[in-house]
Amino acid sequence: MEERDGGLEVDVRYLGVGVFSVTQQLEHHEYSFDEALHRASFGRYQIYVLAVLSLALFADIAEENLSFIIGPHLLCEWNLSGLQEAFIATAAFMGMFCGAYFWGKISDEYGRKAALMAICIWTAYYGIISAISPSYGWFIFLRFMTGFGIGGIHVVTTFAAEIVETKQRAKSMLVLHLISGLAPIYTAGLAYVFVNNMNAGWRILVFMCSMPQFVCFVIGIFLLDESPRFLLVTGQTNRAKWILTKMSAYNRADLLFGDIKAIHATQRGRLSALFSSRLLTKLTICQFIIWFCLMSCNFGMGLLFAESLQASNSARHISFDSGSSCFASSEVSYCRAQCYSLTTRDYGLILVTHGNLIMAAFISMFLSDMFGRVRLIFGCVFTYCVSLSVLYFCINPVFSVIIVLICKVALSASIQAFYLYLCEAYPTNMRSVAIGTGTSFGRMGMIMTPFIAQVLAKTDFTLAITTYLFLGSILLVALWLLPFDTRNKQIKDS
């Protein structure tokens, strides 16, 4: 590096993933992190990192599908009751509830990469072990431990939001969710090949759904860099500067050299910081309510749809007269302990209903910048409430599937946009612990959901629908009370 005519000649030779050099004349001055991130641009570096991060999201998405794909087979193999089948999903969500805050604190204390790598290896290990569970009790315990790891998956969105500038943040979420949105295809395809055609094929399915986390760990431990924004907040200015230089060179953008304005936050990962001001207190309480209602409704729609498939496979007559609910069975009550297998048609419908993340990602990307994060989420939740209310009067089973699909797309887009909103709303020194604590409330709602969608819906489907509409109404009120929107706002560091 030589100084020439008041500038710097910069030669960048080693990038970790390739070897090339960049030489450029630059002014030496002090600059902010956001200025450096803007100059680094959005390019191959971010896409490469987002592709690795998206592998970690596979487990969270696959877990939702696993809950009702393997349930019917375990019901037969281990002679389970209806409540025991419902508890398969609940055990994993209890683990997620316990792990969300823990991993958020680890992320704010020790770094995004360190937390993510620990999450990946933890989840992969217990996921693989659960595939060889000898009994129902062991399976429940191991799914709880797997869920504990998956509870920290929110670190992925925190990591992703910190490596892109303000105007490109929605685009980064699109890249993240486009790749992870293939998880339903992955899960349903494996289930179709192995579960119905092999004895104990569900074990292969559980094993294969844990592999993306292991792959993410192997790639990430060697090739991922720490979040430069986190390094700056923790006083590691030189490391942050080196990563920003690498990012600029990899994206073939203008390099910006000089001194980065230091931002050192002494209090990191503290739960009390979420209530340190009136504004943060209001934001935190609102996000707790929103997560609880949002995740309850989202997962509930998937389970209600699965219940319709179970009733259909039981060879019972489904009444679709104008006075009945779409999925309510008539003449004979449904026995939860009856064995059944999902058919090819069922896997296709599950794929359509749960393969909505790609569509939701496009909605979240294009509309969140156009209307703002809060307005987009509010509009999606309102669409969900209106669509769900139609189930009171549904007379056509095909139309019922379309309604569930609309609800799932709307709620998935809301979740993606809300993750983005929270990443922008909270400062770096408390971002992960804030989102982790909030999502733990969401997992609490998911713990409750199987007993509404799989138990209550069998005795009173109308009451189950009313419950989810009530949660949707609370969700709208909480969104209305959010203190601000974050569109076009820079991330705060402390």
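This is a predicted model: local features need pLDDT of at least 70, side-chain atom pairs count only at pLDDT 80 or more; totals for chains, interfaces and linings use all residues.
The chain contains 19 helices and five strands. Of its 494 residues, 60% are buried. Among contacts between residues at least 6 apart in sequence, 80% join residues at least 24 apart.

Two packed helices are described by the angle between their axes and by the distance between those axes. Helix α5 spans residues 112–130 and helix α7 spans residues 154–161. Their axes come within 10 Å of each other and cross at roughly 150°. Because angles over 145 degrees count as roughly antiparallel, α5 and α7 are roughly antiparallel to each other. The crossing in which α5 passes α7 is left-handed. On the side of α5, the contact is formed by R112, K113, A115, L116 and I119. On the side of α7, the contributing residues are V155, V156, T158 and F159. Sorted by class, the contact of α5 with α7 consists of six nonpolar residues, one polar residue and two charged residues.

Helix α7 also meets helix α8. The axes of α7 and α8 come within 10 Å and cross at roughly 140°. This angle makes α7 oblique to α8, and the crossing of the two helices is right-handed. In this contact, V156, T157, A160 and A161 of α7 meet R169, S172, M173 and L176 of α8. The residues of the contact of α7 with α8 comprise five nonpolar, two polar and one charged. V156 is named both in the contact of α5 with α7 and in the contact of α7 with α8.

A118 belongs to helix α5 and is partly exposed, with a relative accessible area of 27%. In sequence, A118 and I221 are separated by 103 residues, whereas their C-alpha atoms are 9.8 Å apart in space. T166 is located in the loop between α7 and α8, the latter helix covering residues 169–180. With a relative accessibility of 14%, T166 counts as buried. When neighbours within four places in sequence are left aside, T166 is in contact with N488, K489 and Q490. H177 is part of helix α8 and counts as buried at 9% relative accessibility. Not counting residues up to four places away in sequence, H177 touches L57, A361 and Q416.

E85 is found in helix α4, which comprises residues 82–110. The relative accessible area of E85 is 3%, and this residue is therefore buried. E85 and Y136 lie 51 residues apart in sequence, and the distance from C-alpha to C-alpha is 9.9 Å. T344 lies in helix α14, which comprises residues 344–354. T344 has a relative accessible area of 51% and is therefore exposed. Although T344 and Y192 are 152 residues apart in sequence, their C-alpha atoms are 7.2 Å apart in space.

The cysteines were examined last. A disulfide is a covalent bond between the sulfur atoms of two cysteines. The structure holds zero disulfides. C293 is accordingly in no disulfide, and the nearest cysteine sulfur, which belongs to C297, is 6.3 Å away. C293 is buried, with a relative accessible area of 2%. C423 likewise counts as buried, at 0% relative accessibility.

Methods. Residues are numbered from 1 along each chain as its sequence is written. Side-chain values use heavy atoms; hydrogens and water are left out. Axes are lines fitted to C-alpha atoms, for helices over the stretch in contact, and angles run from 0 to 180 degrees between N-to-C directions. Helices (H or I, at least four residues) and strands (E, at least two) are DSSP runs, numbered from the N terminus. Angles under 35 degrees count as roughly parallel, over 145 as roughly antiparallel, 65 to 115 as roughly perpendicular and the rest as oblique. A crossing is left-handed if the near helix is turned anticlockwise from the far one by less than a right angle, and right-handed if clockwise. Contact means heavy atoms within 4.5 Å. Ala, Val, Leu, Ile, Met, Phe, Trp, Tyr, Cys and Pro count as nonpolar, Asp, Glu, Lys and Arg as charged, and the others, Gly among them, as polar. A disulfide is a pair of cysteine sulfur atoms within 2.5 Å. Buried means under 20% relative accessible area, exposed over 50%, partly exposed in between (1.4 Å probe, protein chains only).
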